[in-house]
Amino acid sequence: MTYTTVQGDMWDSIAYKLYGDTKFKDVLIEANTEYRRIYIFSAGIVLEVPEVETRVTPDDLPPWKRVSG
């Protein structure tokens, strides 16, 4: 899959748009090392978007949302 940037995109905002969490920005950067020094993108750059496991585990939840057993 690919993603084409819009003016003003940043790694964390792209990760949030695509994966729902900014923690995956490093995955995007690793898949697109030729752009790793860009902080704010111009429009029209095509990035490779790797698949990631986005399943939420209990450890990802804040303490008040965890179910205690």
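User: Leaving aside its neighbours within four places in sequence, which residues is Thr22 in contact with?

Analyst: This is a predicted model, in which local features need pLDDT of at least 70 and side-chain atom pairs count only at pLDDT 80 or more, while totals for chains, interfaces and linings use all residues. Residues are numbered from 1 along each chain as its sequence is written, and side-chain values use heavy atoms, with hydrogens and water left out. Thr22 lies in the loop between H1 and helix H2 (25-31), where helices (H or I, at least four residues) and strands (E, at least two) are DSSP runs numbered from the N terminus. With contact meaning heavy atoms within 4.5 Å, and with neighbours within four places in sequence left aside, the partners of Thr22 are Asp12, Ala15 and Tyr16.

User: What distance separates the C-alpha atoms of Thr22 and Asp12?

Analyst: Thr22 is partly exposed, with a relative accessibility of 39%; buried means under 20% relative accessible area, exposed over 50%, and partly exposed in between (1.4 Å probe, protein chains only). Although Thr22 and Asp12 are 10 residues apart along the chain, the separation of their C-alpha atoms is 4.9 Å.

User: Where does Lys23 lie, and how far apart in space are Lys23 and Asp12, C-alpha to C-alpha?

Analyst: Lys23 is placed in the loop between H1 and H2, and its relative accessibility of 47% makes it partly exposed. Lys23 and Asp12 are 11 residues apart in sequence, and their C-alpha to C-alpha distance in space is 7.6 Å.

User: Is Tyr16 buried or exposed, and which residues does Tyr16 touch, not counting those up to four places away in sequence?

Analyst: Tyr16 has its place in helix H1, and with a relative accessible area of 53% it is exposed. When residues up to four places away in sequence are not counted, Tyr16 touches Asp21 and Thr22.

User: In what order do the elements of the protein chain run from the N terminus on?

Analyst: The protein chain contains 2 helices and 2 strands. Just after H1, Gly20 takes a positive phi of about 80°. Read from the N terminus on, the order of the elements is β-α-α-β.

User: Which residues of H1 are buried, and over what arc around the axis do they lie?

Analyst: The buried residues in H1 are Trp11, Ile14, Ala15 and Tyr19. They lie on the same side of H1, because they cover an arc (that of the directions from the helix axis to the C-beta atoms) of only 100°. An α-helix has 3.6 residues a turn, so residues three or four places apart point the same way. What covers the buried residues of H1 includes S1, H2 and strand S2 (46-48), and the arc that these residues span is 100°.

User: Is Asn32 buried or exposed, and which contacts does Asn32 have beyond its neighbours within four places in sequence?

Analyst: Asn32 is found in the loop between H2 and S2, and it counts as buried, because its relative accessible area is 1%. Leaving aside neighbours within four places in sequence, the residues in contact with Asn32 are Trp11, Leu47 and Glu48.

User: Which residue forms a salt bridge with Asp9?

Analyst: Asp9 is found in the loop between S1 and H1 and is buried, with a relative accessible area of 3%. The structure holds 1 salt bridge, defined as a side-chain nitrogen of Lys or Arg within 4 Å of a carboxyl oxygen of Asp or Glu. Side chains of opposite charge can pair when their charged atoms come close. Here the closest N and O atoms are 2.7 Å apart, and the partner of Asp9 is Lys17.

User: How is Lys17 classed by its relative accessibility, buried or partly exposed?

Analyst: Beyond its neighbours within four places in sequence, Asp9 has contacts that include Tyr3, Ile14, Lys17 and Phe41. Asp9 itself is buried, with a relative accessible area of 3%, whereas Lys17, at 47% relative accessibility, is partly exposed.

User: What percentage of the residues of the protein chain count as buried?

Analyst: The accessible surface of the protein chain comes to about 5200 Å², and 53% of it belongs to carbon and sulfur atoms. Of the 69 residues of the protein chain, the share that counts as buried is 22%.

Key:
Areas by Shrake-Rupley, 256 points an atom, 1.4 Å probe, with all protein chains shown as cover.
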